[in-house]
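Work through the exercises below with the sequence and the structure open beside you.

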Amino acid sequence: MSTTYLIVGASRGIGFTYVKHLALNKSNLIIATARNENAAAKLEALGPNVKTILIDMQDPYSKFETSFKQLETLAPSGVDVFIQNAGISGPSCFAPPQEYEVDAYDEILAINIGGSAKSYKAAYPYIFKGEGTKKIVFTTSLLGQLGFPMAAQAYAVSKAGINHLGYQVALTNANSEDVLAKNSVTILLHPGIVDTDMTTASADNRDKVDASLFISQDESVTGTLALVDKLTSADNGKFFDYKGEELKYSAI
Ligand SMILES: NC(=O)c1ccc[n+]([C@@H]2O[C@H](COP(=O)([O-])OP(=O)(O)OC[C@H]3O[C@@H](n4cnc5c(N)ncnc54)[C@H](OP(=O)(O)O)[C@@H]3O)[C@@H](O)[C@H]2O)c1
């Protein structure tokens with residue numbers, strides 16, 4: 001049976017690796033978002049079953065609606081799995097609050113929280129059509145867990161915000177009168193500590209994390225895709241890591 005995935009934020013890193021893995025199964029249809037034509041061309045080169053949509057998380061919602069309208073023809077049976085992956089960590093997120101570049105809040109919250117909310121809302125009519133258990137994944141981080149013993153400034157605040165957003169989506173859908181929404185499953189995902197531009201581009205970020213904790217993009221994505229395959233509506237509202245282990249929203 002064919003499965004249609006919508007991967008938001010797929011130009012590189014974990015997002016690109018999802019598409020790389022999913023494209024190997026010819027029965028999958030993958031719609032991947034990127035911010036520019038070059039990135040979209042690299043994604044479409046992964047296979048004939050990869051299609052792209054251009055969107056920037058900072059675009060106004062009206063642009064999301066227009067761009068995602070392409071899903072009407074790209075995904076006529078609806079989106080089965082929606083993975084919101086796009087995100088930024090911003091500058092020196094491990095600086096103490098009194099030294100942190102606080103202007104970074106505007107961009108980080110707009111991309112990470114605002115972008116997640118906009119892409120989910122714009123995708124909603126295309127997720128909740130067709131049949132089956134619809135699966136929604138919001139990418140967060142352990143750093144967004146209340147009480148996690150490592151501060152990460154606006155990045156952690158944004159991921160805590162995504163946890164709230166994802167939980168609200170889960171709760172709203174569970175109480176929906178729409179059968180597809182009621183039977184859907186929404187989870188929050190910590191993809192692991194993954195070797196990507198986000199973690200390696202900033203020496204500050206990398207130096208603060210024990211090198212032995214890093215995993216490859218392939219390991220993260222293989223784990224998450226196995227988890228997504230197994231999800232049922234009983235998992236609605238849960239917070240998982242890429243190994244499928246359930247996490248707590250609060251560590252305190
Ligand atoms: N790596 C880790 O250890 C780790 C741990 C926990 C959570 N995460 C989360 O996992 C997700 C992927 O992270 P990654 O490590 O793969 O990071 P990455 O390599 O830096 O990739 C970030 C992705 O987000 C996209 N993006 C950034 N700003 C965007 C915008 N304004 N509009 C649209 N797309 C935008 C990037 O697109 P462009 O190429 O166009 O910039 C890229 O595709 C993020 O949500 C991150 O917070 C990562």
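This is a predicted model: local features need pLDDT of at least 70, side-chain atom pairs count only at pLDDT 80 or more; totals for chains, interfaces and linings use all residues.

**Exercise 1.** Determine which residues around the ligand come nearest, and how the shell divides by residue class.

Solution. Begin with the shell of 29 residues, of which Ser11, Arg12, Arg35, Tyr155 and Thr196 come nearest to the ligand. Next, sort the shell by class, which gives 12 nonpolar, 12 polar and five charged residues. Finally, turn to the helices: H1 (13-23), H6 (153-174) and H8 (197-200) each supply at least two residues of the shell, and H8 gives the most, with three residues.

**Exercise 2.** Find the distances that separate atoms of the ligand from polar atoms of Thr196, Asp56 and Gly87.

Solution. Take the side chains to start with: a polar side-chain atom of Thr196 lies 2.5 Å from an oxygen atom of the ligand, while a side-chain N or O atom of Asp56 is 2.9 Å from a nitrogen atom of the ligand. Then consider the backbone, where an N or O atom of Gly87 lies 3.3 Å from a ligand oxygen atom.

**Exercise 3.** Locate Leu29 and list its contacts beyond its neighbours within four places in sequence.

Solution. Leu29 is placed in strand S2, residues 28-34. With those sequence neighbours set aside, Leu29 is in contact with Thr3, Thr4, Tyr5, Asn49, Lys51, Leu74 and Ala75. For Ile136, 107 residues from Leu29 along the chain, the C-alpha separation from Leu29 is 16 Å.

Technical notes. Residues are numbered from 1 along each chain as its sequence is written. Side-chain values use heavy atoms; hydrogens and water are left out. A residue is near a molecule or strand if one of its heavy atoms lies within 4 Å of it. A polar contact is a pair of N or O atoms within 3.5 Å; within protein, one must be able to donate a hydrogen and the other to accept it, and residues adjacent in sequence count only if both atoms are side-chain atoms. Helices (H or I, at least four residues) and strands (E, at least two) are DSSP runs, numbered from the N terminus. Ala, Val, Leu, Ile, Met, Phe, Trp, Tyr, Cys and Pro count as nonpolar, Asp, Glu, Lys and Arg as charged, and the others, Gly among them, as polar. Contact means heavy atoms within 4.5 Å.
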